[in-house]
Amino acid sequence: MTRVMKTFLERMTATKVIVFGYLSIILCGTLLLSLPVSTKAHLWTPFPDALFTATSATCVTGLIVFDTASYWSSFGQAVILALIQVGGLGFITMAIMVAVFSGRRIGLKSRFLMQESIAAPQMAGIVRLTRFVFTVTLVVEAIGAVLLAFRFIPLFGIGKGIWYSIFHAISAFCNAGFDLMGTYSGQFSSLTAFTSDALVNLVIMALIIIGGLGFFVWENLWLYRRDKKHFSLQTKIVLLTTSVLVVLPAILLLVFQHGAMQKNLAGTTQALSALFQSVTTRTAGFNSVGLDGLQPNSQLLMILLMLIGGSPGSTAGGMKTTTVVVLLLCLRASLRREKELECFGRRIDDQVLRSAVTITVSYLALTVAGTMALCHLDGVPMMAAIFETSSAVATVGLTMGLTPTLSLASHMILVFLMFFGRVGCLTLLYAITENQLRSLSRMPLEKIAIG
């Protein structure tokens, strides 16, 4: 059986291995979460509900049908946390790290899989990059857990406080959005009990941002920390775009909410809440204030931020910041009648533009289709449906409170959207189409009118 499985995996392409790997992890998580030991009531969890939770955790989304703290036992919470960690770093990264620590030789196919998994620009040095990613992850999560412990241990005691600190540090770094505050501040309350707590807000925001920058950007920042002029084009784009998408939406949220993210909050708390939602909306799914009081323009802004997401090769989802930048560069080039895309003194390959267009169209098409399906199946308002759908396909996890009330069919739609968002548009499409024969002939050229 082992030999058959090994032969089967060797014949699979890289993209199919990635898809098959995520499916296998989700299935294992589903089976574990279905067991009575995973719930506080020691009851069997229905397979569809366990599947939804396992998919949300593995795809680091954060949408839930049951409150994590009040429904799942310590074992169930540990399973969810393990799925978040594996899903955040990618199962290929975890598998290669196990091989490295066990002294096994890393073959060419494994290196190529790692390159595809984390969107590395080249295969050279991929094992070293894997070690670096694993080390940074452990260090950052540990620092985050220690800082959160200063708040959670006095609140929950030593044992529970340490567990809460570790859980939320990993959940934030992996941009998952799962929380354990249901038994403290009410079910599905996220971090609303810490609206004015600067320590919790700032630590969670820092973890989210670091996790959303991307593995390749981490390494580039570290290697050229003393010589910033040698930063790669991707690093420059990611840092600039991330900065803009943190500050600008926070200002807009304050304006759209008429200077108050929530009533009876002090001015500094309002600013902190706006900044927190600006950071978490693109990637993580935590919320420090209730979302039921959002104005329609604030909801639309958050939908756009969710679809943009984080950066390539990171723990975040969405279309990615570089995708949006490439489209904007294309717009600029068209307006200037330039033939090539340029940024920071570098040209961008046409294939990158085609990939950006493919990703954008796929995400928008799935968001629209998912929205229409939820409206048809459950009769929910369009804005609530598109908010939930965007949150799922971008693996964010923010919700208007809709997910627990949806039907089984709608839950399965969200499961597919979360899986699509985590595995990646191009990976999933290539896994489906790459075995098809490609014609070597070229069709006659003819122009059509556009616009």
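## A walk through the helices

Let's start at Phe-47, which sits in helix α3 (residues 47–58); helices here are DSSP runs of H or I with at least four residues, numbered from the N terminus, just as strands are E runs of at least two. The model is a predicted one, where local features need pLDDT of at least 70, side-chain atom pairs count only at pLDDT 80 or more, and totals for chains, interfaces and linings use all residues. Residues are numbered from 1 along each chain as its sequence is written, and side-chain values use heavy atoms, with hydrogens and water left out.

Back to Phe-47: with a relative accessible area of 43%, this residue is partly exposed. That label covers the range between buried, under 20% relative accessible area, and exposed, over 50%, using a 1.4 Å probe and protein chains only. Setting aside residues up to four places away in sequence, Phe-47 touches Thr-30 and Ser-34, where contact means heavy atoms within 4.5 Å. Leu-33 is 14 residues from Phe-47 in sequence, and their C-alpha atoms are 8.7 Å apart in space.

Now for a helix pair. Helix α5 (residues 74–89) packs against helix α9 (residues 158–173) at an angle of about 30°, with the axes 9 Å apart. Those axes are lines fitted to C-alpha atoms, for helices over the stretch in contact, and the angles run from 0 to 180 degrees between N-to-C directions. So α5 is roughly parallel to α9; the cut-offs are under 35 degrees for roughly parallel, over 145 for roughly antiparallel and 65 to 115 for roughly perpendicular, with the rest oblique. The crossing of α5 and α9 is left-handed, that is, the near helix is turned anticlockwise from the far one by less than a right angle (clockwise would be right-handed). On the α5 side, the contact is made by Gln-77, Ala-78, Ile-80, Leu-81, Ile-84 and Gln-85, and on the α9 side by Trp-163, Ile-166, Phe-167, Ile-170 and Ser-171. Sorted by class, this contact of α5 with α9 has eight nonpolar, three polar and no charged residues. Here Ala, Val, Leu, Ile, Met, Phe, Trp, Tyr, Cys and Pro count as nonpolar, Asp, Glu, Lys and Arg as charged, and the others, Gly among them, as polar.

Next come helix α11 (residues 198–213) and helix α14 (residues 267–283), which pack at about 30° with their axes 10 Å apart. That makes α11 roughly parallel to α14, and the crossing is left-handed. From α11, Ala-198, Asn-201, Leu-202, Ile-204, Met-205, Ile-208 and Ile-209 meet Leu-272, Leu-275, Phe-276, Val-279, Thr-280 and Thr-283 of α14. The contact of α11 with α14 divides into ten nonpolar, three polar and no charged residues.

Further along, Thr-371 lies in helix α17 (residues 350–378) and counts as buried at 6% relative accessibility. Beyond its neighbours within four places in sequence, Thr-371 is in contact with Met-382, Ala-385, Ile-386 and Thr-389.

That brings us to helix α18 (residues 382–393), which is mostly covered, with nine of its twelve residues buried. Among them are Phe-387, Glu-388 and Val-393, and the cover includes α15 (296–308), α17 and α19 (408–423). Just after α18, Thr-395 takes a positive phi of about 50°.

Finally, Val-423 is in helix α19 and counts as buried at 7% relative accessibility. Although Val-423 and Cys-59 are 364 residues apart along the chain, their C-alpha atoms are separated by 7.8 Å.
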